[in-house]
Amino acid sequence: MASNAPVGKPADMSAPRPPKVAGIDSTVPAPPHTAAPLPGVPSAAPPSDAALPPGVLIQDRLASWVSDLTTLHELTERLIKTDSLDEALRETLGAGAALVGARRGMAVLEPADGLGPTSTIGLGLAHADLGTIETVPRGSGSYGRLLDGLPEAGPTASGPSSSARPARVPEPIAIRDVRTEEGLDPRHREVAARLGYAASYALPLATEEAGRLGAVVWLYDEPAEPDERRRHLIGLYGRFATEHLARLLQVERARVRVATIAEELLPSRLPRVPGVRLAVRHRTGPQGGGDWYDALPLPEGALGLAVGSVSGTGPSALAAMGRLRASLRAYAVMEGEDPVAVLSDLELLLRLTEPARSATTLFAYAEPAQRRIVLAGAGHAPPLVVGDRRTEFVETSLSAPLGMLTCWEAPSVELSPAPGETVLLYTDGLLRRTGETTDRAFARLHAAAASVPGPDRSDPGAVADHVLRTLLPEGIDPAVEGEDVVLLAARFD
């Protein structure tokens with residue numbers, strides 16, 4: 001270990017060795033439990049200030065500050081590129097492990113307001129190991145004490161006022177040696193021995209403004225603790241990480257609220273009508289779009305099927321979508337056997353009540369017993385018929401979207417699906433999500449439908465899933481902004 005004796009004088013070998021600090025002894029090879037030091041975070045104790053000329057000391061300090069700023073800049077740049085809570089937690093956990101010189105750790109997301117979401121991420125720990133750590137009483141575990149010891153952010157219980165104080169942020173908790181630390185629960189020592197760690201350093205994911213979001217704890221395989229410089233660096237990084245997590249938390253909660261509202265505005269279940277089986281796949285982006293679908297039983301065993309898209313995103317588009325769908329249901333019950341009349345009335349309503357908005361819609365009046373469908377569309381993509389002997393688009397008349405003309409009327413189209421054929425109704429988002437031009441997107445959709453395996457053709461849900469997997473092999477991440485996707489499949493017996 002490097003000596004603190006002045007330069008040019010031999011070290012006093014009889015002097016007691018200073019206490020070990022994680023990651024600062026450059027004369028000893030880094031143990032396997034210690035992460036490789038980052039640029040700007042030295043692994044050796046600096047020489048005594050008294051041994052250096054003033055100019056050299058100032059230069060060293062400036063170089064050290066610049067190195068620290070560079071390191072923090074690189075780490076925060078990586079963190080800010082994350083766009084999901086779990087991804088941000090993993091980045092925070094990994095970067096922090098390098099800063100404090102640890103190999104393992106865990107991050108817990110547990111907002112103090114109790115509104116969720118909650119998550120636990122491990123680094124170098126299996127799922128079973130995380131469960132074992134969770135068995136430690138929270139009053140004994142360092143991260144548990146941080147989670148239980150910090151109130152919510154914001155005003156006090158008396159309400160907003162100039163005298164209300166923000167939530168107090170607790171200090172990090174360092175346990176240098178689990179075996180000798182006073183006040184630890186025996187279960188804590190037992191778990192530490194089982195998992196093979198001897199020390200820990202816990203950092204709260206909290207700020208005065210954001211309140212408590214969670215905590216991170218890093219584990220050492222032998223007694224150790226980060227030095228003052230590393231504590232300062234991880235403290236700065238932790239505050240930035242907390243603010244980033246707070247922003248992602250707001251986005252995630254908004255996405256969940258929008259998705260919940262969208263689902264509530266759509267059918268809670270699909271109807272059961274003899275002669276036809278239905279399946280639907282619906283995906284909504286974080287801001288919420290106006291794509292929708294409907295399936296409603298009509299008199300004399302008939303069935304109304306509809307898909308559509310309202311211009312815009314966000315709550316206003318969701319509200320407009322709900323109004324449009326409710327109006328179409330009313331018109332379908334009164335005059336559903338004439339899809340042209342249904343869309344004509346819908347056009348008039350949209351033009352009078354929401355002149356600044358447009359919508360595309362396709363409505364089909366189906367008689368499953370006769371395997372007969374009459375449909376009409378307003379600016380909407382044509383349906384696709386999938387069967388053993390054919391896979392083809394239905395030729396519908398070209399028309400403008402609802403709200404684009406002073407009046408709307410286009411002839412309806414009639415088709416007769418054969419037994420075992422599936423009719424796919426979908427929104428434009430399915431095509432746009434492919435990132436292709438319109439012609440290529442239609443070609444890919446046709447190829448995806450034609451490649452449905454034979455055993456899957458009897459299940460409309462399997463048909464819809466195959467088409468989605470083929471068109472969008474990477475899936476649809478609900479947290480990523482993009483077009484909504486609706487795919488409604490109707491298989492006729």
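**Entry: helix pair H10 and H11**

I looked up how helix H10 (residues 438-450) and helix H11 (residues 460-471) lie against each other; their axes come within 9 Å and cross at roughly 135 degrees. H10 and H11 are therefore oblique to each other. I used the convention that angles under 35 degrees are roughly parallel, over 145 roughly antiparallel, 65 to 115 roughly perpendicular, and the rest oblique. The axes are lines fitted to C-alpha atoms, for helices over the stretch in contact, and the angles run from 0 to 180 degrees between N-to-C directions. I recorded the crossing of H10 past H11 as right-handed, meaning that the near helix is turned clockwise from the far one by less than a right angle. Helices (H or I, at least four residues) and strands (E, at least two) are DSSP runs numbered from the N terminus.

**Entry: basis of the values**

I note that this is a predicted model, in which local features need pLDDT of at least 70 and side-chain atom pairs count only at pLDDT 80 or more, whereas totals for chains, interfaces and linings use all residues. Residues are numbered from 1 along each chain as its sequence is written, and side-chain values use heavy atoms, with hydrogens and water left out.

**Entry: salt bridges**

I searched the whole structure for salt bridges and recorded 27. The criterion is a side-chain nitrogen of Lys or Arg within 4 Å of a carboxyl oxygen of Asp or Glu. I then looked up individual pairs.

I checked the cover of both residues: aspartate 68 is buried at 10% relative accessible area, and arginine 229 is partly exposed at 24%. Buried stands for under 20% relative accessible area, exposed for over 50%, and partly exposed for values in between (1.4 Å probe, protein chains only).

Aspartate 113 and arginine 253 meet through their side chains in a salt bridge of 2.9 Å, N to O. Aspartate 113 sits in the loop between S1 and S2 and arginine 253 in helix H6, so the pair ties together parts that are 140 residues apart in sequence. Aspartate 113 is partly exposed at 31%, while arginine 253 is buried at 18%.

Aspartate 465 and arginine 281 also form a side-chain salt bridge (2.6 Å, N to O). This pair links distant parts of the chain, helix H11 for aspartate 465 and strand S6 (residues 276-283) for arginine 281, 184 residues apart. Aspartate 465 is partly exposed, with a relative accessibility of 25%. I also noted a network in which Arg103, Arg104 and Asp221 are joined by salt bridges that share partners.

**Entry: backbone in the loops**

I found a cis peptide bond between glycine 116 and proline 117, with omega about 0 degrees. Proline 117 is placed in the loop between strand S1 (104-109) and strand S2 (119-123).

I then looked up positive phi values. Glutamate 300, although not a glycine, has a positive phi of about 60 degrees. Glutamate 300 is in the loop between strand S7 (289-298) and strand S8 (302-313), and at 82% relative accessible area it is exposed. Arginine 371 has phi near 50 degrees, again positive in a residue other than glycine. Arginine 371 is in the loop between strand S9 (359-367) and strand S10 (372-378) and is partly exposed at 28%.

**Entry: contacts across the sequence**

I looked up valine 191, which lies in helix H5 (residues 186-195) and is buried at 0% relative accessibility. Valine 191 and glutamate 134 are 57 residues apart in sequence, yet 9.6 Å apart in space, C-alpha to C-alpha. Glycine 139, in the loop between helix H3 (127-134) and helix H4 (142-148), is exposed at 60%. Between glycine 139 and aspartate 185 I recorded 46 residues in sequence and 8.3 Å in space, C-alpha to C-alpha.

**Entry: nonpolar patch**

I noted a nonpolar surface patch of about 340 Å² made by Ile58, Leu62 and Trp65. Tryptophan 65 lies in helix H1 (residues 54-80) and, at 52% relative accessibility, counts as exposed. Patches take residues with over 30% relative accessible area and no salt bridge, joining like charges within 9 Å and nonpolar side chains (Val, Leu, Ile, Met, Phe, Trp, Tyr) within 5 Å. Accessible areas come from the Shrake-Rupley method with a 1.4 Å probe, and for residues only the protein chains shown count as cover.
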